[in-house]
Amino acid sequence: MRHLLPSRLDLKIALQRTALLAEEVWNKGQKPLLAAGIAIALLASGVMEQLPSFVQLVILAILGLGFLFTLKDFFDLRSPSKLWAMRRMESYSNINHRSLSGFDDHQADETKNDESRLLWEAHQQRQLEAIETVKIAPPVSLWRKFDPLALRVPVALLAFAALLLGHGDLISNTRNALNFETGAAKPNLVLDAWLKPPSYTGKQPILLTSAAMREKLAANPDVVVPENSGLSLRMVGANAPHLAFYSPGIVASAETEIKSITPQVANNAQGFAAEVKIDRPVIVKLFDGSQEVASWPISLVPDEAPKIAFAEDPKASENGGLEVHWKASDDYGIKSVSSEISLADEQEKGIGFENNGVFIYDAPLFKIAPPKAGAKTIDTTSKQDLSAHPWAGLYVTMVLSATDGAGHMTTSEPRRFKLPERAFYRFLPRALIEQRKSLILNPDSAPDVSTMLDAFAAYPYVIRDQSRLILQLAAIKAALSRATETDEVKTIVDELWALALAIEDGQMGDLRAQLHELKQQLEQALKDGAPRDKIAELTDKLRRTMDKLLDQMQKEAQKRAAENGKQPDTNGKSVSREDLQKMLDDIEQLNKGGSKEAAQDLLSQLDQMLQNLQPGGQSQAGQPGDNGLQDKMDGLSDMMRRQQQLMDQTQKLPQPGEGQPSPDGKAPGAGNLADRQGSLSDQLDRLNKEMGENGQGELGDASKSMKGAKDALKDGSKGEALRQQGEAMKKLQEGAKKLGQKLAQQGKGQNGQKGKDGQSGSNDTDPLGRPRATHNPGDGPNKDMVPSELSMRRAREILESLRQRYDDPNLGSGEKAYIDRLLRGLY
């Protein structure tokens, strides 16, 4: 049998003595730990700082003395003896007869003989067998005996929560609790104050307590902010904080304090907080008791009311809708714009109306929205079709209203104009609209209108093959004969309009609606970056529907010619089928080339043209163009080409110190270029004068830059000459863009040779007045031209060549700077 070795027994006894010592320390430290937990909970939570100094002193004294008293049990702490350790192990292991503690006993000398020795060995053998399973007893805690109510649990939770969530940290809170200074304000006062301008101003908040602001106030004690800015402040460590407001220039006192300003205040254990809106110039003072903590004189920038006005009289747009050109401005931005339309007192036949029937209809709602939210200056045109409203064709008065972010509203001067009405070309729709007007102006004329509808229904030649429209006409006539209430008359007025449209447009109305829906789908697909097959599918649907519309328009044109006994009017702006198909092809090519925004713009222009298109291929874009304006555009395009040539030749001039200089010390050829630059400037001045600009606008700025380039070339300053030439080129492009827009608005020449469908077309321009591919691609404002696929591919090749050339390490500094300007789009 294997017995426990004495060395292992000694190790177990040593471990048992250590366990007994830990048990003694733990049990004697229970009282100090409980006292320490209470102290930590009080100090870490910050509660002590809120108490009066005397109370703090008393609590700290009690905590200190109590903690010292709990340490008295440690005075009789002794190291456990070996015998105590062995007796604890015997008791824990259920060993009887002191088998472990008596292991070191030995036989008395006077009893030693053979029998006693055998007896002693047998006794030791039994002891060894008994201590084979001896165990080390763990330390025993007396918490339950010491704390039967388990108060240690809430104390520990409070101390832990105070350490995690309490204000400040334990060390600083203890230091503050031991600081018993008295006074109006504590030295650990923490203050944050800031002014927040209204959000609509776009201004940044101002931190009043920052070091930079304190320096600024020391030099100029005045804070300037927009009207209705909000003052917010937070202060920690004050005894009796409060805010006071005074008028500037008046001695601050209790009698001069402005009582009408009442801030929102919160004063609790977390500190003092206040918020107030500043609506007048004031001096804000912050006090802690009677001691002034801070003072801020605040001045306000008044919020000006917005301005709005008509840029010109409202007029009919190309498609018969209402077009209103208006301007507005505000110091911080326009929030919303609205309009109000009312019947004018003066009509075509004099003052007022013979009957009050027209007043049963609500005024039309013309919706206006700023093109950009919060824009400070707006100059735009709003359009809306109000031709279906009963007031169409009557004189009305419109007033515009603008509102800014502060709620200030301004109205414009009223403008009187005739509300545009739609033109009907077929006899029956025109007759229906005339009867509708009679019913609108005088509801009592219903019997007469009913008689006329009877006549129309008796011989409906125009709609003889459309039973649906015949039945609709009969239903309107029957409803009119029974109408006695105002709402019934209003319903009949709406039905007469719908019937007139259905007869006038035939299937064109449905086809226009389909085209508009397809345009919206294609526009959304372009915006979302849809796959090319999806774009191609929508474009094909749009092309087929457009063909159907053009075919239907040809039929309608023939019907109108037969009904009216004359050929359709061809004085308007005409569009051929090839023109429209070419625009669709351009949209596809632009999308393939990655020019999605240009494709969307061209799609919107195509949709507008199709909505304006009339039977016979005529657009409602009105008058022939101005050939003189086109000549000016051609001359300006030629100047842009020549200016670009001058820039290229200037770039090739040698840098100062390079090459063989001329006798006057300038680069060879610089004088010739200066003369040519001056000649081009003189030509631009003449063109600008012919256009009535007199040196103003973009072309005037371009001329000034040309003169600067001329002077720089004479002085031999190549870099300055290139900079001035680049600026001149930029202004020429901007001027050409505006001139192109003016040319398009005037309906530049579409009265040339006949198109495929017999419509008048132009060999020089497309339906939008842009130069066709037969012209020099450099002519006109490039931004308004749709490049071909070949042009876009060539442009990419040139761009890649420039980038490779720019990366050439052997490239000269002058040429590298020139290519850099090209890549950055300066020229």
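Predicted model: local features only at pLDDT ≥ 70, side-chain atom pairs only at ≥ 80, totals over all residues.
**View A. Helix 2 packs against helix 3.** Start with residues 30-44, which form helix 2, and residues 53-70, which form helix 3. On the helix 2 side, look for Lys-31, Pro-32, Ala-35, Ala-36, Ile-38, Ala-39, Leu-42 and Leu-43; helix 3 answers with Ile-59, Leu-60, Leu-63, Phe-67 and Thr-70. Sorted by class, this contact has 11 nonpolar residues, one polar and one charged.

**View B. Helix 10 meets helix 13.** Here you see helix 10 (residues 427-441) and helix 13 (residues 486-505), whose axes come within 9 Å and cross at roughly 165°. That angle makes helix 10 roughly antiparallel to helix 13. The crossing of helix 10 past helix 13 is left-handed. Helix 10 brings Leu-428, Pro-429, Leu-432, Ile-433, Arg-436, Leu-439 and Ile-440 to the contact. From helix 13 come Val-489, Ile-492, Val-493, Leu-496, Trp-497, Leu-499, Ala-500, Ile-503 and Glu-504. The classes here are 14 nonpolar and two charged residues, with no polar ones.

**View C. The largest cavity is lined in part by helix 10.** The model holds four cavities of 30 Å³ or more, and the largest cavity has a volume of about 60 Å³. Which residues line the largest cavity? They are Ser-387, His-389, Pro-390, Ala-392, Glu-421, Arg-422, Ile-433, Arg-436, Lys-437, Ile-440 and Trp-497. By class, the lining has five nonpolar, two polar and four charged residues.

**View D. Helix 19 packs against helix 20.** Residues 670-690 make up helix 19 and residues 697-715 make up helix 20. The two axes are 8 Å apart, at an angle of about 165°, and that makes helix 19 roughly antiparallel to helix 20. Helix 19 passes helix 20 in a left-handed crossing. Among the contact residues of helix 19 are Ala-670, Leu-673, Gln-677, Gly-678, Ser-681 and Asp-685. Those of helix 20 include Leu-699, Gly-700, Ser-703, Met-706, Lys-707 and Lys-710. By class, this contact has 10 nonpolar, six polar and four charged residues.

Terms used:
Residues numbered from 1 in each chain as written. Heavy atoms only, no water. Axes fitted to C-alpha atoms, helices over the stretch in contact; angles between N-to-C directions. Helix = DSSP H or I, 4+ residues; strand = E, 2+ residues; numbered from the N terminus. Parallel < 35°, antiparallel > 145°, perpendicular 65-115°, else oblique. Left-handed = near helix turned anticlockwise from the far one by under 90°. Contact = heavy atoms within 4.5 Å. Nonpolar A, V, L, I, M, F, W, Y, C, P; charged D, E, K, R; others polar. 1 Å grid on protein atoms, 1.4 Å probe; cavity = no way out; pocket = protein on both sides within 12 Å on 5 of 7 lines; lining within 4 Å. Points joined across faces, edges and corners; volume = space filled by probe spheres on them.
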